Amino acid sequence: MALPVVWMLGGPGSGKGTQCNEISTKYRFTHLSSGDLLRNEVMSGSSKGQELFKTMHEGCLVPDDEVVNLIAKAIEMKTSETKGFIIDGFPATLDQAALFEEKIGSPSKIIVIEVINDLLKRRLEDRGNFDDTADAIEKRIDTFTEKTRPVIRNYSKTAKQINGDRKSEEIFEDICKVLDT
């Protein structure tokens, strides 16, 4: 039987990373973030990493097939030592979703942490990361709305919406109910 693969979607600042860490701990799933996988490949010094570095350094997006291939490789490498996979913030576009399904398969579950844009903005401003400038925050929320919302709509029959405007523990309780069914 194939291991469960869960897509965790939500806007920037919705709490995806926090919830992925909780899931990873409780369910012994491997937490995969496409950003982390890209950075790790670059840091490995491999020829693929050097190619990715050049693309990223030039400010270009890494092609979807490269990202999906990295996720597929990570899944393959970790299959024997995990109970499942939680994919953090991916797919972010319909093209990525189609490519993921083609190369890896359909997700077992899709969880969407729903938070209104005004609250996302406030959370990101309060977080105060170096890249959380007002313009960058607006752009990230707009990108989520324009690119990732269509993914959520496309999978609306199977995606489970979780209200993210609550305490982290309450959100996690609802996520557990989804994962336990």
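**Helix 4 and its surroundings**

Helix 4 covers residues 64-78, and its 15 residues reach 21 Å from the first C-alpha to the last, close to the 21 Å expected at 1.5 Å a residue. That expected span is 1.5 Å times one less than the number of residues in the helix. Helices here are DSSP runs of H or I with at least four residues, strands are runs of E with at least two, and both are numbered from the N terminus.

The model is predicted: local features need pLDDT of at least 70, side-chain atom pairs count only at pLDDT 80 or more, and totals for chains, interfaces and linings use all residues. Residues are numbered from 1 along each chain as its sequence is written, and side-chain values use heavy atoms, with hydrogens and water left out.

Which residues of helix 4 are buried? They are Glu66, Val67, Val68, Leu70, Ile71, Ala74 and Ile75. Buried means under 20% relative accessible area, exposed means over 50%, and partly exposed is in between, with a 1.4 Å probe and protein chains only. The buried residues of helix 4 pack against strand 2 (30-33), helix 2 (34-44), helix 3 (47-57), strand 3 (85-88) and helix 5 (94-103). A contact means heavy atoms within 4.5 Å.

Helix 5 contains Lys103. Lys103 counts as partly exposed because its relative accessibility is 38%. Leaving out residues up to four places away in sequence, Lys103 touches Asp65, Val68 and Asn69. Val68 is also one of the buried residues of helix 4. Between Lys103 and Thr79 there are 24 residues in sequence and 16 Å in space, C-alpha to C-alpha.

Cys20 belongs to helix 1 (residues 16-27). Its relative accessible area is 0%, so Cys20 is buried. Apart from residues up to four places away in sequence, Cys20 touches Met8, His31, Ile86 and Asp88. Cys20 and Phe172 are 152 residues apart in sequence, yet their C-alpha atoms are 9.5 Å apart in space.

Now for the whole protein. It has eight helices and five strands, in the order β-α-β-α-α-α-β-α-β-α-α-β-α from the N terminus. The radius of gyration is 16 Å, close to the 16 Å that the globule rule gives for 181 residues, so the protein is as compact as a globular protein of that length. The radius is taken over C-alpha atoms, and the rule is 2.2 Å times the number of residues to the power 0.38. Of the 181 residues, 42% count as buried.
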